[in-house]
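Colleague: I have the model open and want to go through its side-chain interactions with you. Can we start with the rings and charges?

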Amino acid sequence: MMYRLVFVCGLILFHLNFRAEAADDSQRPNVLFIAVDDLRPELKCYGSQQMLTPNLDRLAARGVLFQRAYCQVAVCGASRASLMSGCRPETTQCWDYKTPLRSKMPNVVTLPQTFKQSGYQTSFLGKVYHSPTDDASSWTLSADRIAPSQPGKGAAYVLPANRVGDSKRAEDGTRFAPSVENGGDVPDDAYKDGETASRACQMLSHFKESNKPFFFAVGFARPHLPFTAPGKYWDLYDRDSIRVPSRQDVINGVPYAGSSWGELKNYSDIPNNVDPLDDAKTKELIHGYYASTSYVDAQIGKVLDKLDELKLAENTIVILWGDHGWYLGDFGDWCKHTNYEVATRVPLLIAVPTSLGDYRGQRAAMVELVDMYPTLCELAGIDVPKHCHGDSFKPLLENPDRPWKEAAFSQYIKGKPGAGPMLGTSIRTERFRYTEWRSRRNGSLDAIELIDFEKDPEATKNVAAEAAYQEYLPHLAKLAQQSSTGTRPPKN
């Protein structure tokens, strides 16, 4: 009799604990973590009236838009390694697109891994880290198993000639396919991002049925090259009305200024020995980028619609970010791979459930992508790991006008003939972008650049040598020395 009583009491306690845990789970906010490759903040919600991005605009209206958000390295893999680890590049030692985070930091606990260890379901689709397989330690669920790819969908190109060309490569890696493709009358899921959106919707249905909190990362490929999209997105824009940007150099007299745009030159329709591109090709590429942006906006809209349909939006933090900026003919340049404003400034939008606060339609101060890790942890009630270098910007959601960081940090390595690799450390303050180039061999200072956005908003002149700016340089140099930790916001 006593054994039976003990068993029944144990069973009751088990069910009470299970019900309490289930209740706790139902109150924990989900996270929908949306990465968009090569997306610069040229969106209507950022003031670019020519853009047609209704879904990103409505996300901005639902939450907070960060007008001045910056990546830590202006190249895909390194930027994502910093964001996902919560560490700045001097710690990750990931400086290029191809170095896996785990090859440098094998034991780091990543952002999704922290949520995993806190009882969340974690899964991803598309490009989240840089590698196609991503990081197995971060995830609990395989999207390939729950929402598998469908044959005949999700291509990079849909036109037969371009698909044949894409299957061939020259010895130097050059593609035999073009940088742009108007796919004509094809469904959205004929291309990769349309398929990703469809699969993401399936995953959200799975999460709804499981009734457990989730961290779901969805990485969209466009507007990364090649600029390929169905014809209806190309039709949104009139190429003749597209303005060719100024080709005036961003920095005068400094050897590290521009991008070599080698990534673009990999495509069959881009000549290797022409700089700058002519107006016709420039307009075609801008047209393709705009079409790709509107295409990916539509796919993100499908995912947001599904979140609403399933009534998951009521308890889901949605955060959307670009991994770095992108030159779109600015100063005659293309791609990223620099330390300057166009390459390092990114879109960043966050919408949180009203249970965590009503922050709709606000715009906030300067932040860095490395701040996303601690922010999401704090919003979800998870302890922030001590290794994180960033700062939670949750206080900015509550008060966007409060004093915040003095500077945002970005870094990039470039070579100097005869001198070897140079590490550029660039800081963006409210007024200035200050950049130091130092030898990777001995740390010696090679060059300084200073842009005064107050007097030169187009960033066309290096004023570091001018007498009027010498009073600013010591403080900016001191800030630059904090590149491995960043500056901290005031506590109050």
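Modeller: A term to begin with: a charge sits over a ring if NZ of Lys or CZ of Arg is within 6 Å of the ring centre and within 35 degrees of the ring normal. The charged end of Arg 428 does this over the ring of Phe 453, 3.9 Å from its centre. Lys 265 lies over the face of Trp 261, at 4.3 Å from the ring centre.

Colleague: And what are these values based on?

Modeller: This is a predicted model, so local features need pLDDT of at least 70 and side-chain atom pairs count only at pLDDT 80 or more, while totals for chains, interfaces and linings use all residues. Residues are numbered from 1 along each chain as its sequence is written, and side-chain values use heavy atoms, with hydrogens and water left out.

Colleague: Back to rings. How many aromatic pairs are there in the whole structure?

Modeller: The search finds 19 aromatic pairs. Rings of Phe, Tyr and Trp (its six-membered ring) pair if their centres lie within 6.5 Å; planes under 30 degrees apart are stacked, over 60 edge-to-face, and the rest tilted. Phe 115 and Phe 215 form a tilted pair, 5.0 Å centre to centre with 45 degrees between the planes.

Colleague: Where in the chain do Phe 115 and Phe 215 lie?

Modeller: Phe 115 is in helix H6 (residues 111-117) and Phe 215 in strand S6 (residues 214-220), 100 residues apart. Helices (H or I, at least four residues) and strands (E, at least two) are DSSP runs, numbered from the N terminus.

Colleague: Are those two buried or exposed?

Modeller: Both Phe 115 and Phe 215 are buried. Buried means under 20% relative accessible area, exposed over 50%, and partly exposed in between (1.4 Å probe, protein chains only). Ring pairs also link Phe 115 and Phe 215 into a cluster with Phe 33, Tyr 120 and Trp 321.

Colleague: Switching to charges. How many salt bridges are there?

Modeller: The count comes to 34 salt bridges, each being a side-chain nitrogen of Lys or Arg within 4 Å of a carboxyl oxygen of Asp or Glu. One of them joins Glu 368 and Lys 405 (2.7 Å, N to O). Glu 368 lies in strand S14 (residues 367-368) and Lys 405 in the loop between H15 and strand S15 (408-416), so the pair ties together parts that are 37 residues apart in sequence.

Colleague: What else does Lys 405 bridge to?

Modeller: Lys 405 also forms a salt bridge with Asp 391, the closest N and O atoms being 3.5 Å apart. Asp 391 is in the loop between H14 and H15, so this pair ties together parts that are 14 residues apart in sequence. Lys 405 is buried at 6% relative accessible area, and Asp 391 is buried at 14%. Glu 368 is buried too.

Colleague: Which residues make up the network of salt bridges around them?

Modeller: Arg 88, Glu 368, Asp 371, Asp 391, Lys 405 and Arg 488 are linked in that network.

Colleague: Last topic, the largest nonpolar core. Which residues touch the most other members?

Modeller: Of its 67 residues, these are Leu 32, Leu 204, Phe 216, Leu 264, Ile 300 and Trp 334. Helix H12 (residues 279-309) gives the most to this core, with 12 residues. A nonpolar core is a set of buried Ala, Val, Leu, Ile, Met, Phe, Trp, Tyr and Cys residues joined through side-chain atoms within 4.5 Å.
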